Amino acid sequence: MADEIKYEYKTVQTVRGTDGLVISKMQKDGWEFVEQSQSTLRSTLNFRRPKKPLPWPLIGTGAAGLAILAIVIGTATALSNGDEKKGEAAKPTAAASEKPSATPTPTAAELAATEMITPENSPEFAALLKTADTCDNANADFATTHRGQTIAFNGSIVDMTPHGDYDTRYDFLLGPGDKGSNTTVGPAFKYEDVNIAELRLTGKNVPATVGVGDKFRFVAEVGDFNAGQCLLYLDPVSTATR
């Protein structure tokens, strides 16, 4: 059928724990997430997207263009052969003489990892995690500068309360470090209206549920800073046990 959608497909290998980040990145590039399979350390993600149709003029003239190209190539080859000196060895073609690149093409997961903001690669973020005032202007500056980017840090759940009248959706307050409700430094990070599945728990001994004091490696997307409540909003990408 002329109207049938034709797809191109792509498979991406990721390290477990970065699945959500890679899926989000691929979807922004127009790919549709199809399915996922997991091994102990890695995940295989399959994507597809509709192929772009060729313009009608290009389709109509494709055969003629190929014929002309064949004639040009044949003529050029004949002229080249006529100019070769007897006894001269043929030079290798460019394709044959080229050596494969020693640098492998980075995977989507590796590209995503290089774009992730962590205390190790960002002095600004490292300083923010140690600030003693959750209302400090540094929180607003960071949210304004990095809104929509991905951060990763070791932290714990400071508080967890039901969202509105829901029994399975929660508001989470997160802080850097391992002190849970006794956290005294860093921004007041907040996940709002999130269920346990949306945390995307990964790692060894993944719990069925979570609670105040639990320690994780949080990967999240930066949202807005609420200056009135001194809250820096995040959207969860993955939550790894540690």
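## Terms and basis of the model

A residue is called buried when its relative accessible area is under 20%, exposed when it is over 50%, and partly exposed in between, with a 1.4 Å probe and protein chains only. Helices (H or I, at least four residues) and strands (E, at least two) are DSSP runs, numbered from the N terminus.

This is a predicted model, in which local features need pLDDT of at least 70 and side-chain atom pairs count only at pLDDT 80 or more, while totals for chains, interfaces and linings use all residues. Residues are numbered from 1 along each chain as its sequence is written, and side-chain values use heavy atoms, with hydrogens and water left out.

## Strand β9 and its partners

Because 9 of the 11 residues of β9 are buried, this strand is largely enclosed by the rest of the structure. Strands are said to pair if DSSP finds at least two bridges between them, and β9 pairs with β8 in the antiparallel sense through 9 bridges. Within β9, Ala240 stands opposite Arg217, and Ala240 is also the bridge partner of Thr202. Strand β7 (residues 201–202) runs parallel to β9 and is joined to it by 2 bridges.

Strand β6 also runs parallel to β9, with 2 bridges between them, and Lys190 stands opposite Tyr233 in β9. Strands β5 and β6, by contrast, are antiparallel and share 4 bridges, with Leu174 placed opposite Phe189 in β6.

## The hairpin turn and the disulfide

The hairpin formed by β8 and β9 has 4 residues between its strands, and Cys230 in the turn has a positive phi of about 55 degrees. A search of the whole structure finds 1 disulfide, a term used here for a pair of cysteine sulfur atoms within 2.5 Å. Cys135 and Cys230 form this disulfide, with their sulfur atoms 1.7 Å apart. The torsion about their S-S bond is about 100 degrees, so the disulfide is right-handed. The pair links distant parts of the chain, 95 residues apart, since Cys135 lies in the loop between α5 and α6 and Cys230 in the loop between β8 and β9.

Cys230 is buried, with a relative accessible area of 8%, whereas Cys135, at 38% relative accessibility, counts as partly exposed.

## The nonpolar cores

A nonpolar core is a set of buried Ala, Val, Leu, Ile, Met, Phe, Trp, Tyr and Cys residues joined through side-chain atoms within 4.5 Å. The largest core has 28 residues, of which Phe125, Ile151, Phe172, Phe189, Tyr191 and Val210 touch the most other members. Two or more residues of this core come from each of α5 (123–128), α6 (137–146), β4 (150–162), β5 (170–176), β6 (189–194), β8 (215–226) and β9 (231–241). The largest share, 5 residues, is given by β8.

A second, separate core of 7 residues includes Val22, Ile23, Trp31 and Phe47. Val22 and Ile23 are among the buried residues of helix α1 (residues 19–28), a list that also holds Asp19, Gly20, Leu21 and Met26. Helix α1 is followed by Gly30, whose phi is positive, near 95 degrees.

## Aromatic residues

Rings of Phe, Tyr and Trp (its six-membered ring) pair if their centres lie within 6.5 Å, and planes under 30 degrees apart count as stacked, over 60 as edge-to-face and the rest as tilted. The structure holds 9 such aromatic pairs. Tyr170 and Phe172 form a tilted pair, 6.0 Å centre to centre and with 55 degrees between the planes. Tyr170 is buried at 16% relative accessible area, and Phe172 is buried at 1%.

One aromatic cluster is formed by Phe125, Phe142, Phe153, Phe189, Tyr191, Phe216 and Phe218. Contact means heavy atoms within 4.5 Å, and Phe125 touches Ile117, Thr118, Pro119, Phe142, Ile151, Ala152, Phe153 and Phe189, not counting residues up to four places away in sequence.

## Around Tyr7

Tyr7 lies in strand β1 (residues 7–15) and, at 23% relative accessibility, counts as partly exposed. Leaving aside neighbours within four places in sequence, Tyr7 is in contact with Glu32, Arg48, Arg49, Pro50 and Lys51. The C-alpha atoms of Tyr7 and Pro50 are separated by 4.3 Å, although these residues are 43 residues apart along the chain.

A charge sits over a ring if NZ of Lys or CZ of Arg is within 6 Å of the ring centre and within 35 degrees of the ring normal. Arg48 lies over the face of Tyr7 in this way, at 4.0 Å from the ring centre.
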